[in-house]
Amino acid sequence: MFRKILIANRGEIALRIIRACRDLGIRTVAVYSEADRESLHVRFADEDVCIGPPPARDSYLNIPRIIAAAEVTGAEAIHPGYGFLAENAEFAEICQRSDIVFIGPTAEQIRTMGDKSVARRTMAAIGIPTVPGSEGALEDAGDALGLAREIGFPVLIKAAAGGGGKGMRVAQDADVFPTQLQMAQNEARSAFGDPSVYLEKYLARPRHIEIQLIGDTHGRIEHLGERECSIQRRHQKLIEEAPSTALTPALRTEMGEAAKKGAAAIGYRSAGTIEFLLDQDGSFYFMEMNTRIQVEHPVTELVTGVDIVKEQIRIAAGEHLSLPKEWSCGLRGHAIECRINAEDPLRNFAPSPGMITTFHPPGGPGVRLDTHAYAGYVVPPHYDSLVAKLLTQGATRAEAIARMRFALESFVIQGIQTTAPFLLELMNDPEFISGDIDTKFVERRMARRAAA
Amino acid sequence: MAAGAGKQQPAARERTGRADAGADRTNGVVNSNAGGLIDLDFVRGLIAALDASGIDSLEINRGATRIRISKTPPPATAAATPPAPVHAAPMNNAVALPAPGPAPAAEPASPPRSNLTDVKSPMVGTFYRAPAPEAPPYVEVGSHIAKGQTLCILEAMKLMNELESEVDGIVREVLVENADPVEYGQVLFRIEPAGSQA
């Protein structure tokens with residue numbers, strides 16, 4: 001087992017990793033930018049090294065300084081957390097060349113899954129369903145209709161040069177398809193200078209369901225069930241929960257096995273997540289794979305009792321997965337996570353950095369808080385706006401929601417604006433409470449509010 | 001760099017308004033927990049005693065931990081031959097030194113110190129005073145240096161980087177010892193630039 005690990009990250013995840021290391025009796029090294037001198041991860045690590053000025057590219061993304069910090073402190077392994085260098089294949093390789101263990105998958109696995117079209121092809125090749133679509137941009141209109149029939153209506157026509165949810169039109173059936181195609185091409189030309197479009201099956205009310213995977217270096221891969229992540233705003237997750245109200249045990253097994261198969265096909269080890277889109281008819285499609293620990297991993301930890309970060313460290317040290325040999329993933333109870341960001345929901349979620357003057361966290365049974373914030377802490381403007389991850393667990397979804405309501409109400413953060421009040425509204429929203437949610441939920445809700 | 005158990009409690013880390021504001025970060029000294037808690041009250045007591053006396057420096061060895069407190073930084077020659085415990089293991093047993101007593105270190109009214117230029121490390125690595133183990137150091141306290149002159153070597157990832165001076169002047173303080181690990185922004189030298197008050 002390692003004697004010392006360097007954490008190449010900051011904020012709440014750096015603290016999370018320190019906790020896992022402390023559980024395992026491993027000494028910790030924190031690295032920090034000048035903006036993070038007063039951070040908790042610096043305070044609570046056994047050693048710390050300043051690695052640069054505030055901008056991420058000069059500090060948390062600065063590979064030579066991070067490797068040098070590991071060298072001068074004698075750290076044997078580096079945990080990259082999420083974001084920053086966590087999915088940087090080059091960094092994983094440099095660690096290896098420097099005789100430092102990178103706590104995660106291999107550089108090759110990061111590279112394969114990092115290229116989204118290679119990832120899709122890899123999964124499709126082993127029979128994992130991917131969102132049906134055209135291989136590339138469409139050549140001519142005649143072909144297009146045939147292709148659209150193959151995919152199955154309704155079809156989404158997307159600008160090849162588009163992105164960020166822009167340049168998309170839906171064709172509901174073969175009759176309207178030619179017109180929609182024409183208009184999509186015209187719009188693409190004027191908006192992006194390129195009329196090329198491609199086709200994708202349109203999922204009207206998809207749910208974003210991801211499967212947590214964990215694998216060791218001895219060939220064993222298991223799945224830890226799903227997380228429902230449909231509550232998003234502009235493709236950023238706000239609320240995650242497990243289990244998903246949409247999954248029956250049979251569907252959970254089917255999706256779990258598909259995810260395991262995908263990971264096993266590339267010999268994956270450490271923690272990873274495969275994201276699927278789940279259609280209303282129960283069909284699911286591979287979207288992408290994240291080859292790192294994720295922000296919302298505590299949701300799975302609460303319903304499975306598995307400490308995923310500790311498993312990552314053990315796996316990197318060459319140990320076997322600590323799950324029982326006969327592991328069939330049953331989820332216990334219900335867990336919900338709310339991401340509390342330093343943003344002002346009343347001003348279109350504008351960032352709200354600054355000093356937190358009062359900080360009183362919630363508590364009680366079934367409440368877990370992962371945060372690096374404290375009274376007197378200055379939320380810096382240079383990094384992401386995540387201030388805290390608030391989780392509740394209950395025997396049922398209703399109990400988890402009730403606990404989350406009071407947890408949000410009793411969580412006092414003053415000095416900055418946060419998304420807590422907005423999340424509380426969502427906890428009281430009838431559609432959310434009903435469990436019949438999908439990725440357009442927040443959009444619909446905000447449109448209703450705006451129209452009111 | 002600082003170490004866990006030896007770290008000061010939140011109140012002691014507050015910097016606003018204290019005379020030694022930032023001193024524990026910028027004078028390049030390192031707190032280390034070499035296998036046991038460093039008793040902060042004990043250290044504070046030592047600082048107070050030293051401050052109240054005419055003694056310039058004080059050194060105490062306790063097992064694997066060595067504590068040295070001085071009112072003036074160590075001279076160059078002493079730093080060239082580091083004592084054994086410091087290098088028994090990488091970094092872990094590095095010498096611990098909180099900021100020298102509040103009064104001497106950052107007294108703004110003291111003219112010789114206020115015009116010194118800090119030379120800060122631009123990288124993370126290991127500090128070497130000389131081009132080779134047997135060679136004489138690049139500079140000593142009192143050395144006259146020219147802009148562009150090499151002050152030291154900073155090593156990281158098996159690469160040696162020469163750190164060059166950005167000013168002409170005289171080296172007044174050397175704040176780290178040979179083979180010390182250094183972090184980004186750590187003050188290595190203080191230079192009296194040429195043309196400033198002596």
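Here's a quick briefing on chains A and B, from domains down to single residues. Keep in mind that this is a predicted model. Chain A splits into three domains: domain 1 (4-103), domain 2 (141-201) and domain 3 (207-451).

**Chain-level picture**

- In chain A, the centres of domain 1 and domain 2, taken over C-alpha atoms, sit 45 Å from each other.
- Chain B carries six helices and 10 strands.
- Of the 198 residues in chain B, 35% are buried.

- The buried set in α11(A) consists of Ile308(A), Val309(A), Glu311(A), Gln312(A), Ile313(A), Arg314(A), Ile315(A) and Ala316(A).
- Helices α1 (11-23) and α10 (297-304) of chain A are part of what covers those buried residues, and the cover also includes strands β4 (77-79), β5 (101-102), β9 (207-215) and β12 (270-278) of chain A.
- Just past the end of α11(A), Gly318(A) adopts a positive phi of about 90°.

**How α1 meets α11 in chain A**

- The axes of α1(A) and α11(A) cross at roughly 65° and come within 9 Å.
- The crossing of α1(A) past α11(A) is right-handed.
- On the α1(A) side, the contact uses Arg16(A), Ile17(A), Ala20(A) and Asp23(A), while α11(A) brings Val309(A), Lys310(A) and Ile313(A).
- Sorted by class, the residues in this contact of α1(A) with α11(A) are four nonpolar, no polar and three charged.

**How α12 meets α13 in chain A**

- Helix α12 (residues 397-409) of chain A packs against helix α13 (residues 420-427) of chain A at an angle of about 155°, and their axes are 9 Å apart.
- That angle is over 145°, so α12(A) and α13(A) run roughly antiparallel to each other.
- The crossing of α12(A) past α13(A) is left-handed.
- From α12(A), the contact draws on Ile401(A), Met404(A), Arg405(A), Leu408(A) and Glu409(A), and from α13(A) on Ala420(A), Leu423(A), Leu424(A) and Met427(A).
- Seven nonpolar, no polar and two charged residues make up the contact of α12(A) with α13(A).

**Glu296 of chain A, a buried loop residue**

- You'll find Glu296(A) in the loop between β13 (284-290) and α10 of chain A.
- Glu296(A) has 25 other C-beta atoms within 10 Å, so this residue is buried.
- Setting aside neighbours within four places in sequence, Glu296(A) is in contact with Arg227(A), Cys229(A), Lys237(A), Glu240(A) and Glu337(A).
- Ile336(A) is 40 residues from Glu296(A) in sequence, and their C-alpha atoms are 9.5 Å apart.

**Ser165 of chain B, a buried loop residue**

- Ser165(B) is placed in the loop between β7 (159-164) and β8 (169-174) of chain B.
- Ser165(B) counts as buried because 22 C-beta neighbours lie inside 10 Å.
- Apart from neighbours within four places in sequence, the contacts of Ser165(B) are Val119(B), Ile145(B), Lys147(B), Gly148(B), Gln149(B), Leu151(B) and Ile191(B).
- One of these contacts, Lys147(B), is 18 residues away from Ser165(B) along the chain, with 5.2 Å between the two C-alpha atoms.

Methods: Residues numbered from 1 in each chain as written. Chains lettered and ligands numbered in written order. Predicted model: local features only at pLDDT ≥ 70, side-chain atom pairs only at ≥ 80, totals over all residues. Axes fitted to C-alpha atoms, helices over the stretch in contact; angles between N-to-C directions. Helix = DSSP H or I, 4+ residues; strand = E, 2+ residues; numbered from the N terminus. Parallel < 35°, antiparallel > 145°, perpendicular 65-115°, else oblique. Left-handed = near helix turned anticlockwise from the far one by under 90°. Contact = placed C-beta atoms within 7 Å. Nonpolar A, V, L, I, M, F, W, Y, C, P; charged D, E, K, R; others polar. Domains from an automatic or database assignment. Buried ≥ 20, exposed ≤ 12 C-beta atoms within 10 Å, placed from the backbone.
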